[in-house]
Every structure is written in C-alpha cells, then in structure tokens.
Amino acid sequence: MSNAIYTSLLRPPVLHILRAAGFHATKPAVLDTLVDLTARYLSLLASNSVAHAQENHNDLTLTVTDVRMALQDVGALWPQKSAMEEDLMGEEDMRGVDNFVKWMLGEEHREIRRVAGLIENEVPLPGIDEPAGREDFLTALKRKHNKTGESSRFQGTVLGTTTDEKPIRIEGGPVELLQDWGKRLRKTSKKKNTPPSREPSSAPTSSTGSPLTPI
C-alpha cells in the first residue's frame with residue numbers, strides 16, 4: 001500500500017483475527033505478509049464492486065448486489081451457479097450467500113465479532129475499560145487515549161470526523177473572503193499574461209520598390 005498509515009491501521013485487525021483463530025504469536029515477516037495479502041484482497045473487492053456498480057446502474061453508489069457479485073468474483077461465495085446458469089434454470093442460486101452468512105455468524109467467528117463490536121462484550125479487552133454494550137476495538141482504543149473527547153483530538157483525521165470548511169474573512173480591503181481574493185488574483189494574472197491584440201493597419205501600402213507592370 002502506498003500510504004503507511006493505512007498499513008498501520010490494518011495491522012491490529014489482522015492481529016485480532018489471528019488471535020481469534022487461536023494463534024498467540026507470529027513473526028513480523030509473517031504478519032507483514034498477511035497484512036499485505038489482506039490489503040490486496042480488500043482492494044480487489046473494492047475495485048470489482050465499483051466495476052459492477054458502473055455496469056449495473058452506471059454510477060458509483062454501491063448496492064448489495066454489486067458487493068455480492070464482487071464476492072462471487074473472488075470465490076468467496078461457493079457453491080454458486082453462474083448468471084447464465086441461473087437464467088436457464090429460472091431461479092437465483094442462493095447457496096453461496098447462505099453458506100457465507102452461516103460461516104460469518106458461526107461460533108468459530110464469535111471472538112472476532114466481539115472485537116469488531118457486532119456482539120456485546122462479555123470479556124473486556126486487556127487494558128481497556130469498556131462500557132456495557134457494543135463497541136469495536138478501535139473506538140475503545142481511541143477512548144482510552146483520548147480523555148477530552150474524540151472531536152477535539154481526532155477531528156479532521158482518518159480516525160475521526162471530517163471538519164467543515166469555514167470561510168476565512170479578511171478585515172478591510174476590497175474583498176471580504178480569502179476565496180474571493182484568490183479569484184481576483186487569478187483574474188489579474190490572466191490579464192497580465194494575455195498578449196495585446198494586433199489590429200490590421202488601415203494605412204495605404206507604399207508601392208516604392210515594386211516592379212512595374214508592362215502596358
């Protein structure tokens with residue numbers, strides 16, 4: 001991944017998945033490989049979902065159908081008939097979706113669902129005082145390191161809410177907003193860079209030195 005912060009954010013979920021699967025230790029090289037494979041898999045799912053959205057309804061608003069087709073492309077839904085086979089049979093094959101849901105909601109994934117905040121926390125995470133109810137690991141970790149509230153520390157970052165752009169006002173002068181001042185400067189620079197127009201001269205052309213036309 002090009003940005004190191006996204007790799008760092010992906011590392012804790014991979015560690016929790018390994019811990020939920022029963023692993024208690026791993027080498028750094030193995031962890032880096034698993035993080036890279038997870039990033040590539042998520043990127044493939046995202047790109048395939050966008051491609052199906054453009055083909056199905058010609059916009060970038062993803063639907064459940066787009067994501068389901070992307071999961072089918074990467075082999076996550078099995079067994080699954082192709083679209084041509086479904087058209088010939090006259091019914092939609094839901095075996096792959098049903099098996100995927102059963103696999104995700106199975107008892108083997110109960111621990112990772114708890115860490116993800118999908119079910120209530122029965123056992124608190126180590127070192128974090130969790131309130132009753134559902135809360136994912138990242139929210140609990142941010143609450144641990146931020147005692148003044150999320151909006152004051154993580155606002156405007158990838159871990160918090162986006163900030164609203166407020167207009168910057170200028171005291172005095174011909175304009176009040178900084179955006180208007182930038183527009184005025186761009187107009188001035190365009191006028192300076194525009195070459196002067198040359199109008200054709202209406203003065204008569206001198207015939208001195210021109211060859212004589214024979215009579």
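Asparagine 58 lies in the loop between α2 and α3, where helices (H or I, at least four residues) and strands (E, at least two) are DSSP runs numbered from the N terminus. The model is a predicted one, in which local features need pLDDT of at least 70 and side-chain atom pairs count only at pLDDT 80 or more, while totals for chains, interfaces and linings use all residues. Residues are numbered from 1 along each chain as its sequence is written, and side-chain values use heavy atoms, with hydrogens and water left out. Asparagine 58 has a positive phi, near 60 degrees, although this residue is not a glycine. Most residues other than glycine have a negative phi, and most peptide bonds are trans. With a relative accessible area of 65%, asparagine 58 is exposed; here buried means under 20% relative accessible area, exposed over 50%, and partly exposed in between (1.4 Å probe, protein chains only).

The protein chain contains nine helices and zero strands, which gives the pattern α-α-α-α-α-α-α-α-α along the sequence. Of its 215 residues, 19% are buried. Among contacts with a separation of 6 or more, 22% are between residues 24 or more positions apart, contact meaning heavy atoms within 4.5 Å.

On either side of the loop that holds asparagine 58 are α2 (residues 28–57) and α3 (residues 64–73), which pack against each other. Two packed helices are described by the angle between their axes and the distance between the axes. For α2 and α3 the angle is about 130 degrees and the axes are 8 Å apart. Axes are lines fitted to C-alpha atoms, for helices over the stretch in contact, and angles run from 0 to 180 degrees between N-to-C directions. The two helices α2 and α3 are therefore oblique to each other, on a scale where angles under 35 degrees count as roughly parallel, over 145 as roughly antiparallel, 65 to 115 as roughly perpendicular and the rest as oblique. Their crossing is right-handed; a crossing is right-handed if the near helix is turned clockwise from the far one by less than a right angle, and left-handed if anticlockwise.

The contact itself brings Leu45, Asn48, Ser49, His52, Ala53, Asn56 and His57 of α2 together with Asp66, Val67, Met69, Ala70, Leu71 and Asp73 of α3. By class, the residues of this contact are six nonpolar, five polar and two charged (Ala, Val, Leu, Ile, Met, Phe, Trp, Tyr, Cys and Pro count as nonpolar, Asp, Glu, Lys and Arg as charged, and the others, Gly among them, as polar). Two of these residues can be followed in detail. Alanine 70, in helix α3, counts as buried because its relative accessibility is 0%. Apart from neighbours within four places in sequence, alanine 70 is in contact with Leu45, Asn48, Ser49 and His52. Its C-alpha atom is separated by 8.8 Å from that of valine 50, 20 residues away along the chain. Serine 49, in helix α2, also counts as buried, at 5% relative accessibility. With neighbours within four places again set aside, serine 49 is in contact with Leu62, Asp66, Val67 and Ala70.

Helix α2 also meets α1, and the axes of this pair come within 9 Å and cross at roughly 105 degrees. Helices α1 and α2 are therefore roughly perpendicular to each other. Thr7, Leu10, Arg11, Val14, Leu15 and Leu18 of α1 make the contact with Leu31, Asp32, Leu34, Val35, Thr38, Ala39 and Leu42 of α2. This contact has nine nonpolar, two polar and two charged residues. Helix α1 (residues 4–20) has 17 residues and spans 25 Å from its first C-alpha to its last, close to the 24 Å expected at 1.5 Å a residue, the expected span being 1.5 Å times one less than the number of residues. Leu10, Val14, His16 and Leu18 are buried in α1, and their cover includes α2, α6 (110–115) and α7 (137–145). Glycine 22, which follows α1, has a positive phi near 110 degrees.

Proline 79 is placed in the loop between α3 and α4 (83–89). Arginine 95, in helix α5 (residues 95–104), touches Pro79, Gln80 and Lys81, not counting residues up to four places away in sequence. Arginine 95 is partly exposed, with a relative accessible area of 41%.
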